[in-house]
Amino acid sequence: MSVEAMEFLYTEDKISEVVGVEGYEKLVRNVCQQALKSVDTTYVFLERYAYINGYAGSGVALLSGNIGYARNLFLDVSEGLPCDDMGMHIASRVFSATVDEHTDRRLGHSPHRVLAKIMLDAVAGYAGYDQNIEQRNRLDKKSSAFLSVVDSFKRNYQGSSHDIGALIQALGYHIASEFLADKEYQIIDEEVWFRHPDEQFRHHVKRGKNREGGWYGPWSWITTHGHYGEAENDDGHGVEHEHWVDALEAARLALKYKPEIISEKEFFVCLERGLLRFRRDWKRLFNIVLEEMDAVAKGA
Ligand SMILES: [Fe+2]
Ligand SMILES: [Fe+2]
């Protein structure tokens with residue numbers, strides 16, 4: 001492995017630089033702050049965020065399946081040994097990110113989509129939509145711009161088993177997704193839960209941690225992924241950080257066992273294209289959510 005490859009796969013700084021993490025975090029913080037303007041904007045932000053993330057687990061499973069399907073692409077051709085198919089070694093490092101998505105061992109074996117729904121129902125309770133279901137239905141209607149980002153997210157996540165370039169690009173997309181999600185959830189916990197100006201929000205959408213360190217309450221969909229570290233006196237990491245570490249290991253193995261048809265240089269071009277595509281999709285997503293919240297605030 002070249003020095004550049006080592007640097008890329010092992011330094012957080014390099015990935016932060018490629019995805020422009022500082023500007024990205026600012027955008028997420030701004031979205032969270034706008035979400036605090038009213039009960040409706042709080043709901044709209046969390047509804048859209050939960051909705052698109054509801055596809056992440058399936059996207060990860062599809063990508064992992066496509067890596068496994070590409071049976072003759074990733075081979076161990078070490079001298080003196082029969083050629084070994086290494087696809088499943090790489091796929092497993094991707095798949096690990098979606099085990100909890102389907103059945104979270106720490107949270108009663110619930111799928112994360114169910115946890116997100118519990119959180120959202122609690123937010124709806126806070127907003128008083130149980131008395132005004134029409135309002136919730138109205139706010140649940142997503143713009144076509146939002147839905148087109150969701151489509152792009154679904155398309156870009158899975159890769160293709162027939163195309164090594166597309167697979168490596170999707171691996172880059174996955175790395176960015178896990179890396180940035182770790183930051184997103186930490187910021188959301190800090191800005192939306194801790195800094196919500198209305199105490200009633202915290203009263204309805206409870207957030208708690210038991211003595212064994214397990215999360216409870218409707219807000220645990222957020223905190224299990226990442227949380228406000230200062231409040232807990234720790235680094236704020238949740239499962240997204242573990243997923244990111246595994247995603248990097250998948251990329252390292254993919255580079256080690258890549259077929260000759262793709263050079264190391266091309267490998268990194270594809271990986272970086274995936275990272276940038278994720279940033280593009282999610283910056284678009286957050287900007288659209290800002291517009292949607294603005295329209296809600298103006299009563300449109
Ligand atoms: Fe999740
Ligand atoms: Fe994840």
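A residue is classed as buried if 20 or more other C-beta atoms lie within 10 Å of its own, as exposed if 12 or fewer do, and as partly exposed in between, with C-beta atoms placed from the backbone. The structure is a predicted model, in which local features need pLDDT of at least 70 and side-chain atom pairs count only at pLDDT 80 or more, while totals for chains, interfaces and linings use all residues. Residues are numbered from 1 along each chain as its sequence is written, and chains are lettered from A and ligands numbered from 1 in the order in which they are written.

The secondary structure of the chain comprises 15 helices and four strands; helices (H or I, at least four residues) and strands (E, at least two) are DSSP runs, numbered from the N terminus. The C-alpha atoms occupy a box of roughly 70 × 45 × 30 Å along the principal axes. The radius of gyration, taken over C-alpha atoms, is compared with a globule rule of 2.2 Å times the number of residues to the power 0.38. For 300 residues a compact globule would have a value near 19 Å, and the 20 Å of the chain agrees with this. Buried residues make up 40% of the 300 residues. Two residues are in contact if their C-beta atoms, placed from the backbone, lie within 7 Å. Of the contacts with a separation of 6 or more, 75% join residues 24 or more positions apart.

A nonpolar core is defined as a set of buried Ala, Val, Leu, Ile, Met, Phe, Trp, Tyr and Cys residues joined through C-beta atoms within 7 Å. The largest such core has 72 residues, and those with the most contacts inside it are Met119, Val123, Leu171, Ile175 and Ala251. Helix α10 gives the most to this core, with 16 residues. Apart from neighbours within four places in sequence, Ile175 is in contact with Ile15, Trp244, Ala247, Leu248, Ala251 and Leu275.

Helix α5 (residues 56–69) packs against α9 at an angle of about 25°, with the axes 7 Å apart. Axes are lines fitted to C-alpha atoms, for helices over the stretch in contact, and angles run from 0 to 180 degrees between N-to-C directions. Angles under 35 degrees count as roughly parallel, over 145 as roughly antiparallel, 65 to 115 as roughly perpendicular and the rest as oblique; α5 and α9 are therefore roughly parallel to each other. In this pairing, Gly59, Leu62, Leu63 and Asn66 of α5 meet Lys154, Tyr157 and Gln158 of α9. Tyr69 also belongs to helix α5 and is partly exposed, with 15 C-beta neighbours inside 10 Å. Between Tyr69 and Gln33, 36 residues apart in sequence, the C-alpha distance is 43 Å.

Gly159 lies in the loop between α9 (144–158) and α10 (164–194). This glycine is buried, because 30 other C-beta atoms lie within 10 Å. Beyond four places in sequence, Gly159 touches Leu63, Asn66, Ala166, Leu167, Gln169 and Ala170. Gly159 and Ser64 are separated by 95 residues in sequence and by 9.2 Å from C-alpha to C-alpha.

Positive phi values occur at two loop residues. His109, which is not a glycine, has a phi of about 55° and is located in the loop between α6 (87–102) and α7 (112–127). With 11 C-beta neighbours inside 10 Å, His109 is exposed. Asn233, likewise a residue other than glycine, has a positive phi near 60° and is found in the loop between α13 (229–232) and α14 (239–256). Asn233 counts as exposed because it has 6 C-beta neighbours inside 10 Å.
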